Amino acid sequence: MAEYVGVLVLLALIGVPTLLLVAWAARGQGSSSAEAGDPSSPPEAPESAGLGFFLAAVAFVVLEGAGLLMVAWALAAGPRGQAEWLQAALFVLPLTVGFAYAWRKGALGR
Amino acid sequence: MSQEETLGSAFWVLVAAASLLLGVLLGVLVPLVAWAERKQAALVGERPGIGRTAIAGVGLAGLFQPLADTLKLLSKRGPASTARFAPAWGPALVVIAAVLPFAAIPWSGRYTWGDTSFSLLLADVEGGILYIFALAAVGGLATVWSGAAQGGVGLIGAFRSAARGLSGDLALLFSLLPMLLIFGSLHLAEMVAWQDSGFSLFDLPVAFSADASSPSASSPSASPLSASGPTWPAWGIFLNPPAFVLVLTAASVRAGLPPFNAESADAELMGGTRSAHAGASLGFFALAARLQTILVAALLTLVFLGGWSIPWIPQATLVGGIAEYLGDGVANAICLGLHLASFACKFVAMVFLQLMIRSSLPRLGYERSMDLCWKIILPAAFIDLALTALVLNGLGGDLA
């Protein structure tokens, strides 16, 4: 875990001044509401995001998961031999067919 | 900025100094990029552009403009809603998430000086490039957060930024996969060490089927590619040119850099996610955008342009050649200097490529950015991945 010490030190180095700056910029405010853009009543979320949005979200989750699995494949197995290559092809083929099907069904918009 | 195994006090001093150095580097690069962005846009538009800021009569072609802009933003009063939690802290989180990826960016190879070996890399994290992906997701989430809490156009901008960011993320992952397949590593330093060699353009199969031991940062000469006859640098952009275009586009979409910034543009959505921000918190967004420009340029340099490597002169050859005359320590020092210069040249070229794109292309609507990711980049990345795997498989089974 020692390699993350650098990340933590950088986080402290950047985070503390940034947050102090935010606190300073926000000083003495909050009571006035005469500014433009003040969301005194934030509007509701759009009533229906629609089925299309849901389908695109599902397509994203499936593909992202598959993509991460393929990272492991690319690093661990790679195209070392026919067997590994075939395994990957068998994994990608249904994925591609599914993607094409979702596209055809209009999940990706017009 | 090296990693030591022991957690002694020297280690802490080293890490603190390295973090400080990285902070100073970014503190210099960000205003320079901001200046270059405006100068370049003015040149393209045949306008005089910035250049009238001066301290004691010294103008330096407007180099002080970013400083003046920063002071202006800091002196401005934010809207009342800034005091609420999410709107105020969201932009700060956007900046923090834009800075942290630089911890995993290597700026040089590994060199020896006496008994110690060092490299300009703050944190050699295990996830490598996946760590940068993770922080990009945090930044995207913070953008959504700081927009959604505003309501109105901010909320619409937040929805669009989420959709655009996720689509860009997916496209970026799949367009990077062929490169991971070629390099067989997530570590950026190892990718560069791999590229620090050459391949023969007209004799590719012979070059590829050479004995391939696992490349590592400590032995840059152990590249799987061997040269026979006239060679070409084994850079990612030459091995897989389509991937360069795909990654450049997908990374710009992922980061929401122009021309893919419709959800936060004044002309499209009245500022969108930034609509209710002013003063310092608006400045944070501008700062994060410059940091992401720098990050994308650094990533492209490392993955596709061979990072700090010098074409046709591998590190071992360079150090060996100089060491004959000046000794090992001096040779390593000279090599470090040359490598830093090489990295800087490629990095500047990548920044200007991005600036050229944003000043010459019209801004894409949010739907068109999505379509670009899902219907053009993603299928193209699938084809590129299949072809890369096919070629690698055909050229020599035991490449990795």
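**Exercise 1.** In which loop of chain B is Trp312(B) found? State its phi and decide whether Trp312(B) is buried or exposed.

*Solution.* This is a predicted model, in which local features need pLDDT of at least 70 and side-chain atom pairs count only at pLDDT 80 or more, whereas totals for chains, interfaces and linings use all residues. Residues are numbered from 1 along each chain as its sequence is written, with chains lettered from A and ligands numbered from 1 in the order in which they are written.

Step 1. Trp312(B) is found in the loop between helix 11 (279–304) and helix 12 of chain B. Helices (H or I, at least four residues) and strands (E, at least two) are DSSP runs, numbered from the N terminus.

Step 2. Its phi is near 70°, a positive value in a residue other than glycine. Most residues other than glycine have a negative phi.

Step 3. Trp312(B) is exposed, with 12 other C-beta atoms within 10 Å. A residue is buried if 20 or more other C-beta atoms lie within 10 Å of its own, exposed if 12 or fewer, and partly exposed in between, with C-beta atoms placed from the backbone.

**Exercise 2.** Carry out the analysis for Glu46(B), giving its phi and its loop.

*Solution.* Step 1. Glu46(B) is not a glycine, yet has a positive phi of about 50°.

Step 1. The loop that holds Glu46(B) runs between helix 1 (9–44) and helix 2 (65–75) of chain B.

Step 2. With 7 other C-beta atoms within 10 Å, Glu46(B) is exposed.

**Exercise 3.** Which two residues does a cis peptide bond join?

*Solution.* Step 1. The bond joins Pro258(B) and Pro259(B), with omega about 5°.

Step 1. Pro259(B) is placed in the loop between helix 9 (241–255) and helix 10 (266–269) of chain B.

**Exercise 4.** Compare the span of helix 12 of chain B with the expected value, and state what follows the helix.

*Solution.* Step 1. Helix 12 (residues 315–326) has 12 residues. The expected span is 1.5 Å times one less than the number of residues.

Step 1. From first C-alpha to last, helix 12 reaches 16 Å, close to the 16 Å expected.

Step 2. Gly327(B) follows helix 12, with a positive phi near 90°.

**Exercise 5.** Describe the contact between the domains of chain B.

*Solution.* Step 1. An automatic or database domain assignment divides chain B into domain 1 (18–75) and domain 2 (106–115 + 165–275 + 290–395).

Step 1. 10 residues of domain 1 are in contact (C-beta atoms, placed from the backbone, within 7 Å) with 8 residues of domain 2.

Methods: Contact = placed C-beta atoms within 7 Å.
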